[in-house]
Amino acid sequence: MDQAGRLNFHHLRYFWAVAHAGSLTRAAGRLHVSQSAVSVQIQQLERQLGHPLFERRGKRLVLTEAGRIALDHADAIFAVGDELVHTLDGHDERARTVLQVGALATLSRNFQLDFLAPVLGRSDVTIAIRSGAFAELIGALETHRIDVLLANAVPAREPGADWVAHALAEQPVGLIGSPALAAPGEELAAILAREALLLPPPTSSIRLGFDALVDRLGVQPTVAAEVDDMAMLRLLARERVGLAVVPPIVVKDELETGLLQEVAPLPGLVESFCAITRPRRFPNPLLAALVSAAAGAR
């Protein structure tokens, strides 16, 4: 490799410092150099790599997609020195591919596990899962801080947004509860009128469909709890607080053991699951296979 093609690790170190500090000023302070010196080093690195590494949003510096890739490599490169020391000290650390996953806080944990099953336990993969609201996570996707967003609802896409929602699964929604609350052969309307219910919040797609269903049936249900966390709905159902309106996948372990059972299906109600991604020049090598496997299992 000629001199012009060699990566300048001095430039890379300055970039790495800015990426982790979040600003030129903080990085310059930590490096004990002037802000202009840091800026020049980064500009030289950008020219050598042929891609902008940061974009300015107001007073903030945000990594571009190329910047996120460069940071991942810089983290690995500057970890090599530590690995060398650890190896000579008798430690052996293997390089691992990191998959950054965002998941809506309301999303079924069982669905997340099913999606990630092909890479769970792999010695060469580290999975980082971040939960939150859609607006927060779609922002993380757009700034390359996560590779994929797992969701059970897809809001309208804003003009200019380039993310893509891959349909992965569709689960029927049922009325789930303790076997003691079940009455074989009883009409759905009678069950809904008699038993207290555990419902997702009014803004969820499941709740919208459920409210339409009870309106058609002419039932005024008793709501014991409204919860936006499917795991909490499952726990409340296990405690016999009421019958939960959830997809069976949320409580599949309890259904298999008989702790809970589907008291009645809810006709026409389904929950759709999707993986939201952005087109990337440098995609995570794990992602395409995971999305294809999940979509192929439908």
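1. Leaving aside its neighbours within four places in sequence, Asn110 is in contact with Ile249, Val250, Val251, Lys252 and Asp253. The residue lies in helix H5. With a relative accessible area of 9%, Asn110 counts as buried, because the cut-off for that label is under 20%. The model is a predicted one, and this applies to every point below.

2. Helix H5 (residues 109–116) also holds Phe111, which pairs with Phe273 of strand E10 across 162 residues of sequence, so described as a link between distant parts of the chain. The phenylalanines Phe111 and Phe273 are both buried.

3. How many aromatic pairs does a search of the whole structure find? The search returns three. One of them joins Phe15 and Phe54 in a tilted arrangement, with 5.4 Å from centre to centre and 50° between the planes. Phe15 belongs to helix H1 (residues 9–21) and Phe54 to strand E1 (residues 54–57), so this pair ties together parts that are 39 residues apart in sequence. Phe15 and Phe54 are both buried.

4. Helix H6 covers residues 134–142, and its buried residues are Phe134, Leu137, Ile138, Gly139, Ala140 and Leu141. Which strands do the buried residues of H6 pack against? They pack against E3 (97–104), E4 (125–132), E5 (148–151) and E10 (261–277). After H6 comes His144, which has a positive phi, near 65°.

5. Thr97 is found in strand E3, one of the strands packed against by the buried residues of H6. Is Thr97 buried or partly exposed? Its relative accessibility is 29%, so Thr97 counts as partly exposed. Setting aside neighbours within four places in sequence, the contacts of Thr97 are Asp124, Val125, Thr126, Asn284, Pro285 and Leu286. For Pro285, which is 188 residues away along the chain, the C-alpha atom is separated from that of Thr97 by 8.6 Å.

6. On the overall fold, the protein chain has 11 helices and 10 strands. Among contacts with a separation of 6 or more, 73% are between residues 24 or more positions apart. Of the 298 residues, 41% count as buried.

7. The overall dimensions deserve a remark. The radius of gyration of the protein chain is 25 Å, whereas a compact globule of 298 residues would have a value near 19 Å. Taken along the principal axes, the C-alpha atoms fill a box of roughly 80 × 50 × 35 Å.

8. As for the surface, the accessible area of the protein chain comes to about 15800 Å², and carbon and sulfur atoms contribute 54% of that. The chain carries 28 positive and 33 negative side chains. The centres of the two sets lie 8 Å apart.

Note on methods. Residues numbered from 1 in each chain as written. Predicted model: local features only at pLDDT ≥ 70, side-chain atom pairs only at ≥ 80, totals over all residues. Heavy atoms only, no water. Helix = DSSP H or I, 4+ residues; strand = E, 2+ residues; numbered from the N terminus. Rg over C-alpha atoms; globule rule 2.2 N^0.38 Å. Buried < 20%, exposed > 50% of the residue type's maximum accessible area, 1.4 Å probe, protein only. Contact = heavy atoms within 4.5 Å. Areas by Shrake-Rupley, 256 points an atom, 1.4 Å probe, with all protein chains shown as cover. Lys, Arg positive; Asp, Glu negative; His and termini not counted. Charge placed at Lys NZ, Arg CZ, Asp CG, Glu CD. Phe/Tyr/Trp six-rings, centres within 6.5 Å; stacked < 30°, edge-to-face > 60°.
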